[in-house]
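I opened this model to go through a few places in turn. My notes follow in the sequence in which I looked things up.

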Amino acid sequence: MHQPVISGTGVFTPSEIITNEELVEAFNAYVDLFNEENKAAIEAGEVEAKAYSSVDFIVAASGIHRRHAVDKSGILDPEVMHPLLRQRSDDEPSIMAEMAVDACNKALKSAGKTAADVDAVIVAASNHERPYPAIAIEVQDLLGIKGFGFDMNVACSSATFGIQAAADMIRSGSARAILVVNPEITTGHLEWRDRDCHFIFGDVCTATLVERKEDAAAEHFDIISTRCLTQFSNNIRNNNGFLRRSRPDGVKDRRDMQFMQNGRKVFKEVLPIVARHMLGHMEDNGVAPADLRRMWLHQANKAMNDFIGKKVLGRVPEAGEQPNILQNYANTSSAGSIIAFSKYSDDFQSGDVGIICSFGAGYSVGSVIVRKA
Ligand code: CO8
C-alpha cells in the first residue's frame with residue numbers, strides 16, 4: 001500500500017471578467033426587449049412580465065462580485081445571452097482539453113514533475129463538451145502521458161470524488177501519479193435569461209496531482225482520508241441529454257435543458273448534510289475541530305460557507321480559517337474548493353491539518369482531509 005499525497009495544483013483562469021454591474025445591465029436590457037416583444041400577451045395576462053435583476057441583491061444573496069467567462073460578448077448581448085465560441089474542427093483540441101492542459105502543466109510544475117511521471121488523467125467536471133471520446137484521453141494525448149484516462153461527473157463534487165478515485169488507485173498501486181482535472185465551462189449550461197440564477201456561475205479549470213509519497217519531489221500534503229456521500233434530489237437538475245430528440249418536445253428551447261435549481265431548498269437541505277458529513281469524517285479520523293487549521297469549502301454562496309464554518313468549528317471562523325474565492329470567481333462548480341486550496345495553502349507548516357469539502361447536485365458531498373508533510 002502506498003501513501004497518496006497531493007503534491008501540486010494548477011488553476012487556469014479565463015482572462016475575460018464579467019462584473020455584476022455589466023451582468024445586470026445586460027440582463028435588464030434583455031428584460032426590456034422581452035417585455036416589449038411580449039407586450040400584448042403580458043397585458044392579456046398570458047405571459048408574465050420579466051423583472052429586473054439587481055447588483056445589491058446579487059451581493060447580498062450570494063457574496064459574488066464578478067466571474068470569469070470563456071466568452072463574455074455573447075453572454076452580455078441581450079439578443080444572445082449565452083457564450084459564443086468559435087467552431088473547432090475535429091482535428092483541433094477541444095476547449096475543455098485546452099483549459100485542462102494549461103491547469104495540468106501548472107500542477108506538474110508546482111510538483112516538480114513532468115508528464116513522464118504520470119500514469120493517468122481523470123477529467124472530473126459537472127458537464128463535458130462531448131460524450132466520447134473522453135476529454136481525459138484527449139488531455140492524456142496532448143500531454144504525452146502513457147497510461148489511461150477517463151471522464152467522470154458528480155456535478156459540484158466532481159473534484160473531491162476524483163481525488164478519492166485517484167487516492168484509492170495510488171494506494172492500491174494501479175498508478176504512480178494521477179492528474180485530476182476540473183475544466184468547468186459553467187457559462188455554457190447556465191440560463192442567463194433567468195434572474196434567479198444568472199449571477200451564480202463562472203468558468204475556470206483546476207488540476208491536482210495525486211501521487212505516491214515516496215515519489216513526491218516537492219512540498220506536499222498527505223491525504224489522511226477521503227469520504228464521499230450521495231443522496232438523490234431533484235432540486236438541482238439539468239435534463240439535457242442524448243435522448244432529447246426522441247422526446248415529443250425534445251428539440252425546442254426548453255428551460256430544463258440548462259441548469260435548474262430550487263435554491264432555497266438546496267440551501268436548507270444541503271447545509272445539515274454537509275456539516276454532519278464533515279464532522280463525522282473528522283471524528284472518524286481523530287481530527288477535532290480545534291485541530292483544523294483551515295477549511296477549503298465549495299464556493300457556491302458566502303452565507304452557506306459562513307454557516308458550515310460555524311457549525312464545524314462550533315464558533316465563527318477566524319480570518320483565514322475558511323477562505324472564500326467566490327467573490328472573484330462565483331460558483332465554479334467542482335473547481336471552487338480546489339481554487340481555494342491552491343490559493344490558500346502555501347502558509348501551512350508541517351503537521352497542519354485541513355479539509356477540502358465540496359457539495360452540490362445529486363445531492364453529493366466529498367471531503368478530503370490533508371496534513372502538510
Ligand atoms: N435580482 C433581484 N431580485 C431577485 C433576483 C435578482 N437577480 N433573483 C431573485 N430575486 C428575488 C426573488 O424573485 C425573490 O422575490 P420574492 O421574495 O418577491 O419572491 C427574492 O429575490 C428572494 O429570492 P430567493 O429566495 O431565490 O433568494 P435567496 O435568498 O434564496 O438566494 C440563491 C438565492 C443565491 C440562489 C440561494 O438560494 C443559494 O445560494 N442557494 C444554494 C444554491 C446552491 O448552492 N446551489 C448549488 C448548485 S451548484 C451545483 O451543484 C453544480 C451544478 C452543476 C453546475 C451547473 C453550471 C451551470
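Is M81 buried or exposed? I looked it up, and M81 counts as buried at 4% relative accessibility; buried means under 20% relative accessible area, exposed over 50%, and partly exposed in between, with a 1.4 Å probe and protein chains only.

A note on the source: this is a predicted model, where local features need pLDDT of at least 70, side-chain atom pairs count only at pLDDT 80 or more, and totals for chains, interfaces and linings use all residues. Residues are numbered from 1 along each chain as its sequence is written, and side-chain values use heavy atoms, with hydrogens and water left out.

I went to M81 for its backbone, which has a positive phi of about 65 degrees although M81 is not a glycine. I found M81 in the loop between β3 (66–69) and α4 (95–111); helices (H or I, at least four residues) and strands (E, at least two) are DSSP runs, numbered from the N terminus.

I noted A330 next, with a positive phi near 60 degrees in a residue other than glycine. A330 sits in the loop between α9 (326–329) and α10 (336–343), and A330 is buried at 0% relative accessibility.

I then listed cis peptide bonds. One runs from Y132 to P133, with omega near -5 degrees, and P133 is in the loop between β4 (120–124) and α5 (135–143). Another joins G362 and Y363, with omega about -10 degrees. I logged these entries because most residues other than glycine have a negative phi, and most peptide bonds are trans.

**Entry: β12 and its partners**

Y363 took me to the loop between β12 and β13. In this hairpin, which has 3 residues between the strands, G362 takes a positive phi near 135 degrees.

I checked burial along strand β12 (residues 353–360), and 8 of its 8 residues are buried. V353, I355, C357 and F359 point one way, while G354, I356, S358 and G360 point the other. In a regular strand the side chains alternate between the two faces of the sheet.

I looked up the pairing as well; two strands pair if DSSP finds at least two bridges between them. Strand β11 (residues 292–297) runs parallel to β12 over 5 bridges, with M295 opposite I355. Strand β13 (residues 364–372) is antiparallel to β12 over 8 bridges, and there C357 stands opposite S367.

What does the side chain of S367 contact? I found a polar contact of 2.8 Å between the side chains of S367 and H277. A polar contact is a pair of N or O atoms within 3.5 Å; within protein, one must be able to donate a hydrogen and the other to accept it, and residues adjacent in sequence count only if both atoms are side-chain atoms. H277 lies in helix α7 and is buried, at 7% relative accessible area.

**Entry: the ligand**

I turned to the shell of 29 residues around the ligand, in which C156, R195, Q261, N301 and A361 come nearest; near means that a heavy atom of the residue lies within 4 Å. A backbone N or O atom of S54 lies 3.2 Å from a ligand nitrogen. For R195, a polar backbone atom is 2.9 Å from a nitrogen atom of the ligand, and for G263 a backbone N or O atom is at 3.1 Å from one.

I noted that α3 (55–62) and α7 (263–284) are the elements giving two or more residues to the shell. Helix α7 gives the most, with 4 residues.

**Entry: cysteines and β7**

How many disulfides does the structure hold? I counted 0 disulfides, a disulfide being a pair of cysteine sulfur atoms within 2.5 Å. The cysteine sulfur nearest to that of C205 belongs to C104 and is 6.7 Å away. C205 is buried, at 0% relative accessible area. C228 is partly exposed at 26%, and its sulfur is 10 Å from the closest cysteine sulfur, in C357, too far for a bond.

Strand β1 (residues 4–12) runs antiparallel to β7 with 8 bridges, and I6 stands opposite V210. Strand β6 (residues 177–185) is also antiparallel to β7, with 9 bridges, and A177 stands opposite E211.
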